[in-house]
Amino acid sequence: MTELLKISLPDGSVREMEEGSTPADVAAAIGPGLAKAAIAARVDGELRDINRPFEGDAELALVTARDEEDALELARHDFAHVLAEAVQSLFPGTQITFGPATDDGFYYDVKAPETREPFSMDDLPAIEEEMRRIIKADKPLKREVWSRQQLIEKWEAEGEVFKAEWAKELPEHEELTVYWSGEDWLDMCRGPHLASTGKLDPQAFKLMRVAGAYWRGDQKNAQLTRIYGTGWLNKKQLNQHLVRLEEAAKRDHRKLGREMDLFHLQEEAHGSVFWHPKGYRIWRELEAYMRRKMDGGGYREIKTPQLMDVRQWEQSGHWGKYAENMFAVPDMVPEVDDSGAGAHPSVAKDADWMAIKPMNCPAHVLVFKQGITSYRDLPIRLGEMGCCHRNEPHGALHGLMRVRQFTQDDAHIFCTEGQVVEEVRAFCKLAEGVYRDFGFTFAIKLALRPEKRLGSDADWDKAEQELRDAVAEAGMMNEEFGWEELEGEGAFYAPKLEWHLTDAIGRTWQVGTIQGDRVLPDRLDATYVGEDGEKHRPVMLHRAIFGSYERFIGILIEHYAGRLPSWLAPVQAVVATIVSDADDYAGEAVGKLKAAGIRVESDLRNEKINYKVREHSLAKVPHLLVVGKREAEEGTVAVRTLGEKEQKVMSLDEAIVMLREEATPPDLRN
RNA sequence: GCUGCUGUAGCUCAGUGGUAGAGCGCACCCUUGGUAAGGGUGAGGCCGGGAGUUCAAUCCUCCCCAGCAGCACCA
């Protein structure tokens, strides 16, 4: 008599199943609806094929399309396989290598046969068609355990040199699996997969582009073609994604930055921003806003040197770890030969080196260390609009989002062990207020200890728990605030809280952070005198809310699609005339608006009102005040608000009150 | 930093082995017109930088630089 397997379900119930049965059998036993909906299973927490037999008693959770994260991962992985099969079906002799799921789809690295060119965009439509054919054929995806030798022989026989090479490196005794697609194609794969290709929606994917890639990412190896696709559960999701891509392209801050004349970049200073008057206006508004917030939060602002002796950076540990990303300059007077132009200064061998700061922390510790600090003085919160430089890899630079020179809304809080939780809690509240003022929703995540780290496990336990406690006390350790703990994502010296913003089209951006640091105070020997008269180490909290002005402005431009709220808009209103008879009145209106603190410009040009409306609308000016003969006679303005079809005629004084109200920063409203 | 692609007027982009074009923008003229493009005329280019091939290079080749898309990286 065979033993029955005990399968426990998420609701706590236990089902007895015969040996050799599968999650699909359990689903069928529960009901036909679930049998149809179940696409995979979590067995003892591990995502598995729905048709893979249980190996013993197990905890089972059936996965359906509602478990979107798992379902997407499975579907994308399957799409990758179907892609590889399609390419080989269309182009026999193509070698296949790897094909994982990505954030929005999948890719597969392949090598085209010698007889033809590498694959290009032009090949994609045919490959897509072939993929649809394979999906419609509803080929079962069947798992089989093979020996390593079996795999090697199979790949060598088929001339799959990459697969064969890979198989040879697989561990001997581990369970190696292949997945059949029908009976005529298979790929080596850990799985899991859906039950058949027909579980995929043939209308839910699109091949996007091709890119070059090297076998195993190493340029010494053979060159492959990587075919990228985006893959989803259904056509609706795919379309939403494509619309989101289009929308994102329209909002691209690099494009809007040029169109709105906010800033530019040029190759002589690549990675550093030239802010134009309008762009810098936004910056100044943000800076003023942040100063009010930090002043209100008990921070005191300082300014520290751009250049410090390299020895200082050695002591802080940054030079050892990040020197390759720092800019260093010799501390010497350059000797330029008399010919002048074109002469290069030479650097003496014994020159002292200075480094441009890549961060503000060490300098803030040096400020803290001046004089003698009592526990009564703590916490000390030092803020700085700190301009930093990091020599980022060139390929990483991206508009305002990733730059070599940036300014942080940085601050460091020096406090006692006992003050950490309260300081972090207060920061949570401060950050919440800021993000809400810009209309962002956000999630707070705790990045836990990484594998490579400094300090004992006991220290990490404590540090992680402090952050949890602080978030809990702020009332934010829950779903509403997207609370989540991320394994292994912390910095090497401390766990950190991260704020992830969600913008108007659903993309997320990590901006704010706070982290407790007990390493740097130690390295730089920061102390305070405690109640007991002895020296103690303060804890140093590193924190930022915007992250960097550059990046935050980039995010704001995309979030608002360039239609900045009035308080941030570089030009808040334009007074546009219909006829030149209204010029004097327009001048009067502009004078009054300026006196009321409104950033206003006039447009008296000899152009039709249609033209002016169009131009200022495209320039995303929040309010257009149109004046013609009628308004000039009546002392009114016709206000056209960006995004609204209707105009409102009101007295100039009423308009001023309205514009002032709208131009008031959110933290100064009542 | 790696791979692929790109670099022509302020912007968006055509184009050709015999040194160049459009639309928008800009300037000037006409037009004073009531809510998303009125008409005309004109100016504006070391065709990213360097080297090579050629009688001749913006175009072909090589090197460099920058940008874009991915990847890797992001204290």
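**Talking through the RNA surface, the pocket and a sheet**

Colleague: What makes up the surface near RNA strand B, by class?

Modeller: In this predicted model, the surface near RNA strand B has 18 nonpolar, 14 polar and 12 charged residues. Gly goes with the polar ones in that tally.

Colleague: Which residues come nearest to RNA strand B?

Modeller: There are 44 residues around RNA strand B, and Tyr-228, Ile-578, Asn-606, Arg-614 and Gln-647 come nearest. Looking from the RNA side, sugar and phosphate make up 48% of the atoms of RNA strand B that come within 4 Å of the protein.

Colleague: How do you know that Tyr-322 has a polar contact with RNA strand B?

Modeller: Check the distance. A polar side-chain atom of Tyr-322 sits 2.9 Å from a sugar or linking oxygen of RNA strand B. The cut-off is a pair of N or O atoms within 3.5 Å, so this pair counts as a polar contact.

Colleague: Which element gives the largest share of the surface near RNA strand B?

Modeller: That's H18, with seven residues. Other elements giving two or more residues include strand E12 (223–231) and helix H8 (253–259).

Colleague: Okay, on to the pocket. Which residues lie nearest the centre of the largest pocket?

Modeller: Pro-358, Met-359, Arg-390, Gln-408 and Gln-515, out of 40 residues that line the largest pocket. Its volume is about 1,300 Å³. Among the elements giving two or more residues to the lining are helix H11 (318–322) and strand E20 (405–415). By class, the lining has 17 nonpolar, 13 polar and 10 charged residues.

Colleague: How do you know that E7 and E12 pair?

Modeller: Count the bridges. Six of them join strand E7 (residues 105–111) to E12, running antiparallel. Pairing takes at least two bridges, so E7 and E12 pair. Within E12, Thr-230 stands opposite Gly-105.

Colleague: And why are E6 and E11 at the edges of the sheet?

Modeller: The open sheet has four strands in the order E6-E7-E12-E11, with antiparallel pairing. Strand E6 (95–96) and E11 each have a single partner strand, so one side of each is left without a neighbour in the sheet.

Methods. Residues numbered from 1 in each chain as written. Chains lettered and ligands numbered in written order. Predicted model: local features only at pLDDT ≥ 70, side-chain atom pairs only at ≥ 80, totals over all residues. Heavy atoms only, no water. Near = heavy atom within 4 Å. Polar contact = N/O pair within 3.5 Å; in protein donor to acceptor, adjacent residues only side chain to side chain. 1 Å grid on protein atoms, 1.4 Å probe; cavity = no way out; pocket = protein on both sides within 12 Å on 5 of 7 lines; lining within 4 Å. Points joined across faces, edges and corners; volume = space filled by probe spheres on them.
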